[in-house]
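Subject: Structure handover

Hi,

Here is the structure you asked for, with my notes below it. Please read them with the model open beside you.

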Amino acid sequence: MAKKNRIKKPVDLFDKRADILAGDNDQYHIRKNRVYICGSDYYGKVYTITSNRYNRENVHIIKEFYPYDNKRMRFLIVNFKNAKKFKTREKLPDGTERKINVIEKFTDVSEYICSIGNIKKITSDLLPEEELSQKPVQKVRKNIKKLILKPEEIKSKIKDKNKRRVG
């Protein structure tokens with residue numbers, strides 16, 4: 001059986017959060033959240049995605065990411081329609097508290113593949129604000145030469161130190 005070419009997340013792009021600007025001012029926000037889903041008794045950390053293009057009544061959970069290429073991010077999404085959701089805190093056995101999102105009721109669940117194309121900018125916890133341009137970035141050859149070539153003064157000092165004196 002062939003191994004499917006899927007990855008858990010784009011490792012080099014983000015870990016806990018990402019803000020993506022794409023297309024005609026489309027904004028996507030990916031967050032890693034601790035979630036409890038009533039009815040399915042699911043509890044754990046998942047990636048949720050929100051956008052100005054998505055219905056705010058629904059909760060979108062990213063189940064799997066596919067390889068990132070050509071400025072297009074593809075992922076498998078689970079959509080909880082008309083979800084009643086709220087944020088709360090849970091108390092751990094050691095007495096500390098942590099945030100958790102609870103999805104209490106929903107009318108329907110659907111699963112489909114979604115993609116974000118024409119990505120212009122990605123800001124995340126692993127990357128500083130990065131502009132993705134159409135043109136490949138070319139390095140200035142002048143700066144590369146400066147790194148390779150050493151000024152004559154430094155070369156002469158290095159030669160003087162390497163000379164052995166007979167005493």
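β6 and strand β7 (residues 97-105) pair in the antiparallel sense, over eight bridges. Two strands count as paired if DSSP finds at least two bridges between them. Glu-90 has Arg-98 in β7 as its bridge partner.

Some ground rules. This is a predicted model, in which local features need pLDDT of at least 70 and side-chain atom pairs count only at pLDDT 80 or more, while totals for chains, interfaces and linings use all residues. Residues are numbered from 1 along each chain as its sequence is written, and side-chain values use heavy atoms, with hydrogens and water left out.

**Overall layout**

The chain has two helices and 10 strands. Its order along the sequence is β-β-β-β-β-β-β-β-β-β-α-α. Helices (H or I, at least four residues) and strands (E, at least two) are DSSP runs, numbered from the N terminus. Of the 167 residues in the chain, 28% are buried. Buried means under 20% relative accessible area, exposed means over 50%, and partly exposed is in between (1.4 Å probe, protein chains only). The accessible surface of the chain is about 12,900 Å², and carbon and sulfur atoms hold 50% of it. Those areas come from the Shrake-Rupley method with a 1.4 Å probe; for residues, only the protein chains shown count as cover.

Take the contacts in the chain with a separation of 6 or more: 54% of them join residues 24 or more positions apart. Contact means heavy atoms within 4.5 Å.

The mean pLDDT of the chain is 78, and 69% of the residues score at least 70. pLDDT is the predictor's confidence in each residue, from 0 to 100. Confidence is highest in β2, at 94. It is lowest in helix α1 (residues 141-148), at a mean of 46. Residues 1-7 are one, with nine contacts beyond four places in sequence. Residues 131-148 are another, with 11 such contacts beyond four places in sequence. Where pLDDT is low, the predicted coordinates should not be read in detail.

**Aromatic pairs**

How many aromatic pairs does a search of the whole structure find? There are six. Rings of Phe, Tyr and Trp (its six-membered ring) pair if their centres lie within 6.5 Å; planes under 30 degrees apart count as stacked, over 60 as edge-to-face and the rest as tilted.

One of the pairs is Phe-14 with Tyr-47, edge-to-face at 5.6 Å centre to centre, with 80° between the planes. Phe-14 lies in the segment before β1 (17-22) and Tyr-47 in strand β3 (residues 42-51), so this pair ties together parts 33 residues apart in sequence. Phe-14 is buried, at 0% relative accessible area. Tyr-47 is buried too, at 7%.

Tyr-28 and Tyr-54 make another pair: their ring centres are 6.0 Å apart and their planes are at 70°, so it is edge-to-face. Tyr-28 is in strand β2 (residues 26-37) and Tyr-54 in the loop between β3 and β4 (59-65), so the pair ties together parts 26 residues apart in sequence. Both Tyr-28 and Tyr-54 are buried.

Ring pairs also link Phe-14, Tyr-47, Phe-65 and Phe-75 into a cluster.

**His-60**

His-60 lies in strand β4. At 5% relative accessibility, this histidine counts as buried. Beyond its neighbours within four places in sequence, His-60 has contacts that include Tyr-47, Tyr-54, Ile-77 and Tyr-112.

**Positive phi**

Most residues other than glycine have a negative phi. Asp-41 has a positive phi of about 55° although it is not a glycine. Asp-41 is in the loop between β2 and β3, and is exposed at 57% relative accessible area. Asn-82 also has a positive phi, near 50°. Asn-82 is in the loop between β5 (73-81) and β6 (84-91), and is partly exposed at 44%.

**Cysteines**

The structure holds zero disulfides. A disulfide here is a pair of cysteine sulfur atoms within 2.5 Å. Cys-38 is partly exposed, at 22% relative accessibility. Cys-114 is buried, at 15%.

Best wishes
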